[in-house]
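Here is a short briefing on one protein chain. Look over the structure first, then work through the points topic by topic.

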Amino acid sequence: MDCLFCKIIKGEIPSTKLYEDELVYAFRDIDPQAPTHFLIVPKEHISSADDLDENHKELIGHIFLVAKKLCAEEGLTKGYRIVNNCKEDGGQTVDHLHFHVLGGRSLNWPPG
């Protein structure tokens, strides 16, 4: 498989790791859109949110709890945003489910 995020998870491509456990890997975005910008990706290759099913409920809950933990560690006491882009029209550019976590400044709405 020629997946960018799978290669990052395996350590084949360097990243600035923030967190890792048996289910997920979190690392800093190489093109940050906010003072704090990191990604949380499941270790299981899932192409997009559209490919989730009932078997992924625990994984998705875990991702949000990891986001909360990391945001506390990053000092994002005034809030943060969790973003998932799904498929081409949704802005997804890597074919592996991932969540952007952004914070450290006021985030406008709509995002664009």
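S5 is mostly covered: 5 of its 5 residues are buried. Keep in mind that this is a predicted model.

- Phe99, Val101 and Gly103 point one way from S5. His100 and Leu102 point the other way. Residues on both sides are buried.
- S5 pairs with strand S3, which covers residues 36-42. The two strands run antiparallel and are joined by 5 bridges.
- Which residue of S5 is the bridge partner of Leu39? The partner is His100.
- S5 also pairs with S4, again in the antiparallel sense, over 4 bridges.
- On that side, Val83 stands opposite His100 in S5. His100 therefore has a bridge partner in each pairing, because bridges are what join paired strands.

*His98*

- UniProt places the feature "active site" at His98, in an unreviewed entry. That label comes from the record, and such annotations may be inferred rather than shown by experiment.
- Where is His98 found? His98 sits in the loop between strand S4 (80-83) and strand S5 (99-103).
- Is His98 buried or exposed? His98 has 4% relative accessibility, so it counts as buried. The cut-off for buried is under 20%.
- His98 touches Phe5, Leu39, Ile40, Val41, Val83, Asn84 and Gln92. Residues up to four places away in sequence are not counted here.
- A polar atom of the His98 side chain lies 2.7 Å from the backbone oxygen of His96.

*Two nonpolar cores*

- The largest nonpolar core has 16 residues. Val24 and Ile40 touch the most other members.
- Val24 touches Tyr19, Ile40, Val41, Pro42, Lys43, Leu59, His62, Ile63 and Val66. This list leaves out residues up to four places away in sequence.

- S2 is mostly covered, with 4 of its 5 residues buried.
- Strand S1 (residues 17-20) joins S2 through 3 bridges, and the two run antiparallel.
- S1 and S2 form a hairpin, with 3 residues between them.
- Within this pair, the bridge partner of Lys17 in S2 is Phe27.
- S2 and S3 also pair in the antiparallel sense, over 5 bridges.
- In that pairing, Phe27 stands opposite Leu39 in S3.

*Cysteines*

- A disulfide is a covalent bond between the sulfur atoms of two cysteines.
- How many disulfides does the count come to? The count comes to 0.
- The cut-off is within 2.5 Å.
- Cys3 counts as buried because its relative accessibility is 7%.
- Cys71 is at 1% relative accessibility, so Cys71 is buried.

*Backbone details*

- Most residues other than glycine have a negative phi, and most peptide bonds are trans. Two places here are worth a look.
- The peptide bond from Trp109 to Pro110 is cis, with omega near 0°. Pro110 lies in the segment after S5.
- Lys87 is not a glycine, yet its phi is positive, at about 65°.
- Lys87 has its place in the loop between S4 and S5.
- Lys87 counts as partly exposed, because its relative accessibility is 46%.

How values were computed:
Residues numbered from 1 in each chain as written. Predicted model: local features only at pLDDT ≥ 70, side-chain atom pairs only at ≥ 80, totals over all residues. Heavy atoms only, no water. Buried < 20%, exposed > 50% of the residue type's maximum accessible area, 1.4 Å probe, protein only. Contact = heavy atoms within 4.5 Å. Polar contact = N/O pair within 3.5 Å; in protein donor to acceptor, adjacent residues only side chain to side chain. Core = buried A, V, L, I, M, F, W, Y, C linked by side-chain atoms within 4.5 Å.
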